[in-house]
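Colleague: I have a model open and would like a close look at one part of it, the place where the chains meet. Please build up to it from the single chains.

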Amino acid sequence: MSAVVSTAPRRAWSFRQPSVIPGFGLTLGFTLTYFSLIILIPLIALAVRSAGLGPEGFWKAATDARVLGSLRVSFVTALMAAGVNVVFGTLIAWVLVRYRFPGRRIFDAIIDLPFALPTAVAGIALTAIYAPNGTVGVLFAPLGWRIAYTPAGIVIAMIFIGLPFVVRTIQPILEEVSHEVEEASATLGANRFQTITHVIFPSLMPAILTGFALAFARAVGEYGSIIFIAGNIPFVSEIAPLLIYIRLQEYNYVGATVIATVMLMISFALLFAINLIQAWSRRRYGYGN
Amino acid sequence: MATKLRAQTKRRRSPTSERRSVQLLMIGIAVAFMAVVLVLPLYAVFHEAFSKGVWAFFAALGEKDAQAAIRLTLLVAAIAVPLNVVFGLAASWAIAKFEFKGKAFLITLIDLPFSVSPVISGLVYVLLFGAGSFLGPWLKGYGIEVLFALPGIVLATIFVTFPFVARELIPLMQDQGTGDEEAALSLGANGWQTFWRVTIPNIKWGLLYGVLLCNARAMGEFGAVAVVSGKIRGQTTTMPLQVEMLYNEYNASAAFALASLLALLALVTLVLKSALEWRFGEEIAAGDH
């Protein structure tokens with residue numbers, strides 16, 4: 001690669017700018033090969049399999065009642081969990097950035113627990129807590145409320161795994177919001193509440209939206225922490241990733257592929273939306289992730 | 001002087017902060033939420049693990065299948081993590097040290113596995129190597145089993161941990177620029193010398209940080225591995241899968257005993273990660289963690 005660039009005459013368009021640093025061909029070549037082998041080719045295999053069904057066959061498999069039911073369960077519960085996470089995640093980010101209190105650093109570190117704790121471990125732990133005889137479940141059992149083995153359990157598990165996405169997206173932005181604009185707002189006569197709602201929140205909005213989308217995307221795809229607590233009743237508490245797993249166990253590869261393709265299209269749309277939000281945020285506020 | 005100033009701020013609240021009572025209320029809500037959502041599950045794992053006493057705990061860990069699961073998990077991580085480290089170094093070298101077309105797109109692609117559901121990450125390899133595929137039977141002809149064997153588990157693990165090292169190193173190396181490397185090259189060092197003696201010392205803490213996160217996920221991955229492993233007891237069950245099997249067999253205390261090892265791994269990861277952030281914050285990255 002570098003040989004091509006150095007011997008070629010100067011042109012208006014070139015793939016890369018010249019540099020004295022060696023290793024471009026080697027590292028980019030390795031990166032692209034490794035990416036293709038591990039990620040791209042397997043994903044293409046998935047796309048080819050579902051394209052093989054033809055539009056009609058695909059539509060028929062994708063609109064199967066149980067498939068639609070599982071997608072509905074996944075998306076409704078993920079929306080609810082992401083909503084809860086945005087409210088409490090924003091509050092937690094605010095408290096961790098703005099206030100000083102004993103144990104702050106420990107709580108700040110423990111926010112990342114859902115990233116580090118294996119999902120199966122989280123799943124059985126949450127089930128133990130929210131089962132009718134568990135620490136929290138026992139409080140709700142006399143009221144006739146069941147959390148574990150119902151969709152409420154799914155939402156709880158999704159809240160657990162989604163929380164760090166919201167907090168960690170908002171935290172750095174909140175640290176960057178300059179005190180000067182708050183001071184300016186205060187000198188112009190705004191009270192604290194107005195400053196927060198009219199000055200601080202608008203600049204946090206892209207981060208909050210990004211955090212919401214990340215938590216939502218993670219919750220929709222989540223499997224390990226949910227299946228133990230969900231109850232897994234078709235049409236009620238059966239999530240889409242579980243249905244993929246069940247279809248694979250039945251050697252129904254076509255069924256599994258179709259659900260996976262639908263989910264992938266939705267997550268890539270979400271990823272695209274996240275990128276748009278961040279590009280917009282960079283233009284509008286000059287920062288973003 | 002200092003005490004006088006503090007006395008003043010005590011008397012009059014700064015216009016850019018909230019009343020102390022509001023602060024305390026918000027801290028209270030945030031801490032209570034984190035305690036219930038994050039701390040309680042962690043506590044539950046250890047509580048349940050020792051629910052039948054210390055002897056039962058160690059007996060469960062000493063079990064033949066549990067030992068095999070621990071060995072398999074360590075083996076899988078020992079293969080998958082180094083491969084992703086090599087990829088992370090190559091990708092960040094190509095991306096951070098050179099300017100070329102399509103770079104932003106490549107960075108987005110590297111994060112792609114994060115938006116794929118773990119179950120789908122396993123499914124793509126089932127489609128690629130399973131019955132009815134082209135590659136599976138062909139490899140079988142040479143006596144190579146991918147699915148329901150070690151290679152499949154390793155591949156699925158690499159897929160889900162793919163971005164960890166790269167996304168830690170890319171922003172860090174972009175921040176550091178190419179000045180140090182250019183200086184080394186101009187003083188007569190060759191490419192490898194520059195890489196080992198200049199670049200690696202510059203990025204070592206960020207690299208360690210990425211390895212920590214990558215390793216935690218590699219050892220704890222459940223969904224993707226569950227799909228490709230076939231769950232053959234004592235042979236293809238990793239620790240998280242063994243936890244699931246024991247739990248589904250109503251052997252909860254043994255499941256939690258094994259789970260507590262994974263929880264311990266998560267805690268050690270968090271402690272080391274926080275230590276790195278506090279000690280070497282500047283050298284880790286302007287990243288988003």
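Modeller: Start with chain A, which has 14 helices and zero strands. Helices here are DSSP runs of H or I with at least four residues, strands are E runs of at least two, and both are numbered from the N terminus. Along the sequence, the pattern of chain A reads α-α-α-α-α-α-α-α-α-α-α-α-α-α.

A word on conventions. This is a predicted model, in which local features need pLDDT of at least 70 and side-chain atom pairs count only at pLDDT 80 or more, while totals for chains, interfaces and linings use all residues. Residues are numbered from 1 along each chain as its sequence is written, and chains are lettered from A and ligands numbered from 1 in the order in which they are written.

Next, confidence. The model scores ipTM 0.90 and pTM 0.91. Chain B has a mean pLDDT of 91, and 94% of its residues reach 70 or more; pLDDT is the predictor's confidence in each residue, from 0 to 100. Where pLDDT is low, the predicted coordinates should not be read in detail.

Now the overall form. The radius of gyration of chain A is 24 Å, whereas a compact globule of 289 residues would have one near 19 Å. That radius is taken over C-alpha atoms, and the globule rule is 2.2 Å times the number of residues to the power 0.38. The C-alpha trace of chain A spans about 80 × 65 × 35 Å along its principal axes. Of the 289 residues in chain A, 46% are buried. Buried means that 20 or more other C-beta atoms lie within 10 Å of the residue's own; exposed means 12 or fewer, partly exposed is in between, and C-beta atoms are placed from the backbone.

Contacts come next. Two residues are in contact if their C-beta atoms, placed from the backbone, lie within 7 Å. In chain A, 75% of the contacts between residues at least 6 apart in sequence join residues at least 24 apart.

Chain B also comes with 14 helices and zero strands. Buried residues make up 46% of the 289 residues of chain B.

Chain B is assigned two parts: domain 1 (16-49) and domain 2 (52-284). These bounds come from an automatic or database domain assignment. The domain centres, taken over C-alpha atoms, are 31 Å apart. Five residues of domain 1 of chain B are in contact with eight residues of domain 2 of chain B. On the domain 1 side, four of these residues are nonpolar, none is polar and one is charged. Ala, Val, Leu, Ile, Met, Phe, Trp, Tyr, Cys and Pro count as nonpolar; Asp, Glu, Lys and Arg as charged; the others, Gly among them, as polar.

Now the part you asked about. Here 77 residues of chain B are in contact with 77 residues of chain A. Helix α2 (residues 20-49) of chain B gives the largest share of the chain B side, with 17 residues. By class, that side has 53 nonpolar, 14 polar and ten charged residues.
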